[in-house]
Structure formats: structure tokens, C-alpha cells
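Please load the model in your viewer and keep the selection panel at hand.

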Amino acid sequence: MSTLFVNNLTTSSGSTITVPSGKVLTAPGHVIQTVRMTPTNGNTNTTSTSYVDTNLTLAITPKFSNSLIIITATASWLISGASFFYTRIYRNGSDIGLDHQINGDYGSNGMGFSASTTYTDLPNSTSAQTYMIKLKTTAGTAYVYREQHMVLQEVAQ
């Protein structure tokens, strides 16, 4: 392996510097790739006190084993009855995130709101990683409804 020392890069013609197909230009702290799910309006609801799957799921295959994965998920939520509502992040079926809790007595009509969560993960792998947001409730009914969206970004370390 050799090292090239330069102070500036420029094109010989045009304005684009292209990295050849199959090659990856990386610099610590820079985003290597971004994947996003197509926003969906599918509904998930539960009265379960155990975590259940939602439509908020997305996979990424890291290019480097030491990369950081930033997970961002946004959805519309509804909770009805006197209950606690929890969401949690899973990777490849295993729990990796902390509980995000919302609580209160919202009555039979419930309360709707939009919320986002962001989490950083170090999967230490170049195999495909599938992330999912799961939900549960302690009483009443919890819903994920209307628009749901997830973005995964691989960041070089």
C-alpha cells in the first residue's frame, strides 16, 4: 500500500471527481451511505405488554466493520386509556435500545402525536443489519398510524 500526499484535488475536465464503482472513499466522521424506507401509512396497534413488531423496519449492509450506524425513526402515534406506551429499537431481532416511554390517562378517545427517535449503534460487522422499532403498552391500546419513516446512516470512524 502506498500513500499519496496532496494539498488539493481538482478535475482535469468538468467539475466531478468520481470514485470508481466498487471502491469507497472514506474519511472519519463522514457519512459513507444512507438508506431510507419509503414512507408508509400502515397501522400497527397493540394491547400487549410485550414488544410487538411495527412497520418501522429497515436494513443496511455496513461497508466497514468499525462504522457507526445512526438510526432515525419518525411516526405518528396514538395511545388510548390509562397506560404507559413504550418503544424500543431492535437489531437483527435482538434488543439494543433504551425504552422510550410516554404515559398518561388519555381516555377512550386517546391522544395522537408525532415523535422521532435517534439512536447510534456499533454493530461491528459488515453483514446486513436489520433495525426495527417495536412497541408495547401497560394498559389501553397503543397505535403506530399514519406516516412512518426510518433512515439509517453509516458513518466512518
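**The cavity**

About 80 Å³ of space lies in the largest cavity, where a cavity is a set of points, on a 1 Å grid over the protein atoms alone, at which a 1.4 Å probe fits but cannot get out; the volume is the space filled by probe spheres set on the points, which are joined across faces, edges and corners. The structure holds 1 cavity of 30 Å³ or more. The model is predicted, so that local features need pLDDT of at least 70 and side-chain atom pairs count only at pLDDT 80 or more, while totals for chains, interfaces and linings use all residues. Residues are numbered from 1 along each chain as its sequence is written, and side-chain values use heavy atoms, with hydrogens and water left out.

Select Trp 77, Thr 87, His 100, Ala 115 and Thr 117, which lie nearest the cavity centre among its 11 lining residues (lining residues have an atom within 4 Å of a point). Two or more lining residues come from each of E4, E5, strand E7 (100-105) and E8, strands being DSSP runs of E with at least two residues, numbered from the N terminus. E8 gives the largest share, 3 residues.

**The nonpolar core**

Next, select Leu 56, Ile 71, Trp 77, Tyr 131, Ile 133, Met 150 and Leu 152, the residues with the most contacts inside the largest nonpolar core, which has 22 residues. Such a core is a set of buried Ala, Val, Leu, Ile, Met, Phe, Trp, Tyr and Cys residues joined through side-chain atoms within 4.5 Å; buried means under 20% relative accessible area, exposed over 50%, and partly exposed in between (1.4 Å probe, protein chains only). Strands E3 (52-60), E4 (68-80), E5 (82-91), E8 (111-121), E9 (129-137) and E10 (141-155) each supply at least two of its residues, and the largest share, 6 residues, is from E4.

Centre on Ile 133: beyond its neighbours within four places in sequence, its contacts (heavy atoms within 4.5 Å) include Leu 56, Ala 73, Trp 77, Ile 89 and Met 150.

**Asn 55**

Move to Asn 55 in strand E3. Its C-alpha atom is 8.0 Å from that of Ile 133, 78 residues apart along the chain. Asn 55 counts as partly exposed because its relative accessibility is 32%.

**Charges over rings**

Finally, select Lys 134 and Tyr 90: the charged end of the lysine sits over the ring, 4.4 Å from its centre (NZ of Lys or CZ of Arg within 6 Å of the ring centre and within 35 degrees of the ring normal). Lys 136 lies over the face of Tyr 86, at 5.2 Å from the ring centre.

Notes:
Helices (H or I, at least four residues) and strands (E, at least two) are DSSP runs, numbered from the N terminus. On a 1 Å grid over the protein atoms alone, a cavity is a set of points where a 1.4 Å probe fits but cannot get out, and a pocket is an open set with protein on both sides within 12 Å along at least five of seven lines; lining residues have an atom within 4 Å of a point.
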